Amino acid sequence: VAINTEAVISNSVKLQGDILSVMGENFDLSIFKKIKVVGFGKASIDAAVALEKILGSKIKIGAVVGLSKVNLEHIETFAGTHPKPSKMNIVAGKKIYKIIKDSGAEDLIIVLISGGGSALLCYSEDECEQSSALYDEFLKHGRTISEINTVRKHLSILKGGGLAKIAYPATIIGLIFSDIPGDYFYDVASGPTYKDESTVVDAQGII
């Protein structure tokens, strides 16, 4: 189902003075030293465009990887590849990793997550190489995207809750555009902001 990403953001995210309201939950931006934006997925560039219109210069730094690149004032955008990652995915992933790693308790990180993020969010380089090889093997054997994403979570330092772990103790707001039927938000882009309930044994079993 197609969505109007900009309309979803503008309807869900409101700013009045220093109070940011996200689907009715309020955040006082005055208590944060830096506001950062990172994102990955097919809808992330459109979401970044919409979010910058709302927050403007309040955004200190940002990096978003999607399928196309646009010029924004406060958020750097990258055109990655999908469904197999490429060099540009690694470049974007490295930038996103650095932004979240250099965060503290006084930082607010807004994460834009959408379908396709499992391939587009790719870091380290070793993970990207393995993910590309896995994709080819999984196609041959007719395995599901859920299965390959379970394996990806255990190869990646960012997927399967890794992004949230690295960003700790920063505050994270996750804006998730789900392309998965049902409220399985932990599976969108392999759940970088969600605790991973799968195990290494699960991944080994799929392999």
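## Terms and model

Buried means under 20% relative accessible area, exposed means over 50%, and partly exposed lies in between (1.4 Å probe, protein chains only). Accessible areas come from the Shrake-Rupley method with a 1.4 Å probe; for residues, only the protein chains shown count as cover.

This is a predicted model: local features need pLDDT of at least 70, side-chain atom pairs count only at pLDDT 80 or more, and totals for chains, interfaces and linings use all residues. Residues are numbered from 1 along each chain as its sequence is written, and side-chain values use heavy atoms, with hydrogens and water left out.

## Overall fold

The chain has eight helices and eight strands. These are DSSP runs, numbered from the N terminus: helices are H or I with at least four residues, strands are E with at least two. Along the principal axes, the C-alpha atoms fill a box of roughly 55 × 35 × 35 Å.

Of the 207 residues, 47% count as buried. Contact means heavy atoms within 4.5 Å. Among contacts between residues at least 6 apart in sequence, 71% join residues at least 24 apart.

## Salt bridges

The structure holds 12 salt bridges. Each is a side-chain nitrogen of Lys or Arg within 4 Å of a carboxyl oxygen of Asp or Glu. Side chains of opposite charge can pair when their charged atoms come close.

E106 pairs with K33, with the closest N and O atoms 3.0 Å apart. This pair links distant parts of the chain, 73 residues apart. E106 sits in the loop between α3 (87-101) and β7 (107-114), and K33 in the loop between β3 (25-28) and β4 (34-40). E106 counts as partly exposed because its relative accessibility is 43%. K33 counts as exposed, at 62%. E127 forms a salt bridge with K159, where the closest N and O atoms are 2.5 Å apart. Here too the link is between distant parts of the chain: E127 is in helix α5 (residues 125-141), K159 in the loop between α6 (145-153) and α7 (162-167), 32 residues apart. Both E127 and K159 are buried.

K140 and E137 meet in a salt bridge at 3.1 Å, N to O. Both lie in helix α5, three residues apart, about one turn of the helix. K140 has a relative accessible area of 62%, so K140 is exposed. E137 is partly exposed, at 36% relative accessibility. Salt bridges that share partners also join K153, D187 and D196 into one network.

## Disulfide

A search of the whole structure finds one disulfide. The cut-off is a pair of cysteine sulfur atoms within 2.5 Å. C122 is joined to C128, with S to S at 1.8 Å. Both cysteines, C122 and C128, are buried.

## Surface

The chain exposes about 10,300 Å², and carbon and sulfur atoms supply 52% of it. Y184, Y186 and Y194 make a nonpolar surface patch of about 290 Å². Patches are made of residues with over 30% relative accessible area and no salt bridge; like charges are joined within 9 Å, nonpolar side chains (Val, Leu, Ile, Met, Phe, Trp, Tyr) within 5 Å.

Y184 lies in the loop between β8 (171-177) and α8 (200-206). At 40% relative accessibility, Y184 is partly exposed.
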